[in-house]
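Here is a short note for a colleague opening this entry for the first time. Please read it with the structure in view.

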Amino acid sequence: MTADHLRREEWAVTLPSLGWLLALFAAPTLLVFAVSFRPADPYGGIGAGWTLATLREMARTPLGPVIARTVRLSALTTAICLALAIPCGTCLARVAPRRQAVLLLLVVVPFWTSFLIRVFAWRMLLHPEGPLKRVLVTVGLADPHTQLLYSEPAVLLVMVYTFLPFAILPIYAAAEKFDLALLEAARDLGAGPWGAFVKVFLPGIGRGVLTATLMVLIPALGSYVIPDLVGGPGQDMLGNRIAQRAFSDRNLPQASALSAALTLAALAPMALAALVQRRPPALEAAARKEAA
Amino acid sequence: MRRSRWPPVVTAAVLVFLWLPIAVLAANSFNRSRFGSSWEGLSLRWYRALLADADTWRALRNSLVVGVGATLTSLALGTSAAVALHRHRSRLQRLHYALVYSPLVVPDLLMGMSLLVLFVALGADLGLGTVYLAHTTFCVSYVAMVVLARLQDFDPSILEAARDLGAGRWTVVRRVLLPLLAPGLAAAGLLAFTLSIDDFVITFFVAGPGATTLPVRVYSMIKHSRNLPAINALSVLMLAATFTAVRASRRLLQEDRP
């Protein structure tokens, strides 16, 4: 086959998906940034000409608390998911194959279940007349006036619930590849259980932890349905503000400006991860030098 | 070595946490009581209420139409993308890979918002058509990843052998490549269909007033607290469908592995 021929064949299989994604993914993402500099038109569309008015107006609205809440809830969700997923993923990687298949299925099925229905289930559980409240009151952990639903802890709880499988699966995959003999070697060389865990096991599954962090943190930053359905009016996240601007206010340029900000916020952890991933080879080189 | 007792305890707690809401929901779908705070006897009344609801049927029909359309289109686009990424190494493929991979990490909300802006800027009528375009866009990436993993599993020399034995290019695709890929394609199609049927956020942004899909319908039922026990019944039916789909896709992917 000639090089020219091969090139033509490459374009033939690449063009359909490349074209589709350029038109319906890359272009709209850039368009959101451009529309932030357009005026709104009164019919909910995009006006003509270019302006800084949208951005100036955004600067006047107090977004600080909303941004702080978005970052706080996303960071807490990520931390709790990791704290649960590291032991859970490790355990899944170690059990006997037959049991492993069953346990993995038990983790995956809720993850495939309709997202809205899972959020709805929590609304039922946390409802003032719901089962969880009754149990808590009976045990004496809550008084009859405690409000479970429509609160920030409720939002956090459902976010952890929703994103937990995203953290468990990559950590399980990394832990499965980890050679357990390394832990024994560390113990034999005098490391305590905690030392072996922190210095040998965690770096060993580092890639899995990093993937898990991104898989939880980035979608968490874009949460919208969870604060909308289990949070109260005071628990808006950035996502809710975007939806309000787009649907209630019918102001697409303002919704775009907020989306552009959220896009940049979602890119930040990715960039950070890219930086972190460059480090392991350097560490390895240092270790090799030390060994020599 | 003595193993820490922590991981199994945490795992058990996590599994209870993951399944508790689903179990309560399922139990309540058979509960005669309206609020599910107490058990008032076994009943199928919520299932009957669900089946009698015409809006839900219409939403289901819309979801199926979009799901089938988006699955078929994304299978074609995603498979072709996987073949390109697998067979060629070039700067073009690096760009291609970045484009295929990015939609997997972008939050749904941003994808929905950017597509809404695009459709409004182009003056397109929001409806089932725009929902189909949006769903195909996010399904392409998932299909490409599943098919690519499948392609990396088998020996490329089989295709060369077929060519050497005199098979034309189209024959190689039809008689060798497609049969080998079939389980991967079926699993990818199942995944795309599930994602499309389940999507709420992106659909909500690009659907416009007329094109209600099943999740959009469920959302408005929750938001306006209408017909809530019927959602319990609906979720049990959807859970059963999900369980069947997960099992089927696992069978397909594991079938001919050692």
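1. Start where the chains meet. Between chain B and chain A there are 3 salt bridges. Note that this is a predicted model. On the side of chain B that touches chain A, helix H1 (residues 6-29) of chain B gives the most, with 14 residues. Sorted by class, that side of chain B has 55 nonpolar, 18 polar and 6 charged residues.

2. Next, the extent of this contact. Chain B puts in 79 residues and chain A puts in 81 residues. The area buried between chain B and chain A is about 7,500 Å². Carbon and sulfur atoms give 79% of that area.

3. One salt bridge between the chains deserves a look. Glu9(A) pairs with Arg169(B), and their closest N and O atoms are 3.9 Å apart. The pair crosses from helix H1 (residues 3-35) of chain A, which holds Glu9(A), to helix H8 (residues 169-198) of chain B, which holds Arg169(B). How accessible are the two partners? Glu9(A) has 15% relative accessibility, and buried means under 20%, so Glu9(A) counts as buried. Arg169(B) stands at 43%, between the 20% and 50% limits, and therefore counts as partly exposed. The pair is also part of a network of salt bridges that links Glu9(A), Arg87(B) and Arg169(B).

4. Now the fold of chain B. Its secondary structure comes to 11 helices and 0 strands. Along the sequence, the pattern reads α-α-α-α-α-α-α-α-α-α-α. The C-alpha trace of chain B spans about 70 × 65 × 35 Å along its principal axes. Chain B has 258 residues, of which 50% count as buried. Take the contacts in chain B between residues at least 6 apart in sequence: 69% of them join residues at least 24 apart.

5. A helix pair in chain B comes next. Two packed helices are described by the angle between their axes and the distance between the axes. Helix H3 (residues 54-87) of chain B and helix H10 (residues 214-223) of chain B pack at about 145 degrees, with axes 7 Å apart. Which residues meet here? Asp55(B), Thr56(B), Ala59(B), Leu60(B) and Ser63(B) come from H3(B), while Leu214(B), Pro215(B) and Arg217(B) come from H10(B). By class, this contact has 4 nonpolar, 2 polar and 2 charged residues.

6. Arg217(B) pairs with Asp53(B), with the closest N and O atoms 2.8 Å apart. This pair links distant parts of the chain, 164 residues apart. Arg217(B) is in helix H10 of chain B, whereas Asp53(B) is in the loop between helix H2 (45-51) and H3 of chain B. Arg217(B) and Asp53(B) are both buried.

7. Asp55(B) forms a salt bridge with Arg58(B), the closest N and O atoms being 3.1 Å apart. Both residues lie in helix H3 of chain B, 3 residues apart, about one turn of the helix.

8. A last count covers the whole model. Over all chains, the structure holds 11 salt bridges.

Note on methods: Residues numbered from 1 in each chain as written. Chains lettered and ligands numbered in written order. Predicted model: local features only at pLDDT ≥ 70, side-chain atom pairs only at ≥ 80, totals over all residues. Heavy atoms only, no water. Axes fitted to C-alpha atoms, helices over the stretch in contact; angles between N-to-C directions. Helix = DSSP H or I, 4+ residues; strand = E, 2+ residues; numbered from the N terminus. Contact = heavy atoms within 4.5 Å. Nonpolar A, V, L, I, M, F, W, Y, C, P; charged D, E, K, R; others polar. Salt bridge = Lys/Arg side-chain N within 4 Å of Asp/Glu carboxyl O. Buried < 20%, exposed > 50% of the residue type's maximum accessible area, 1.4 Å probe, protein only. Buried area = accessible area lost by both parts, 1.4 Å probe.
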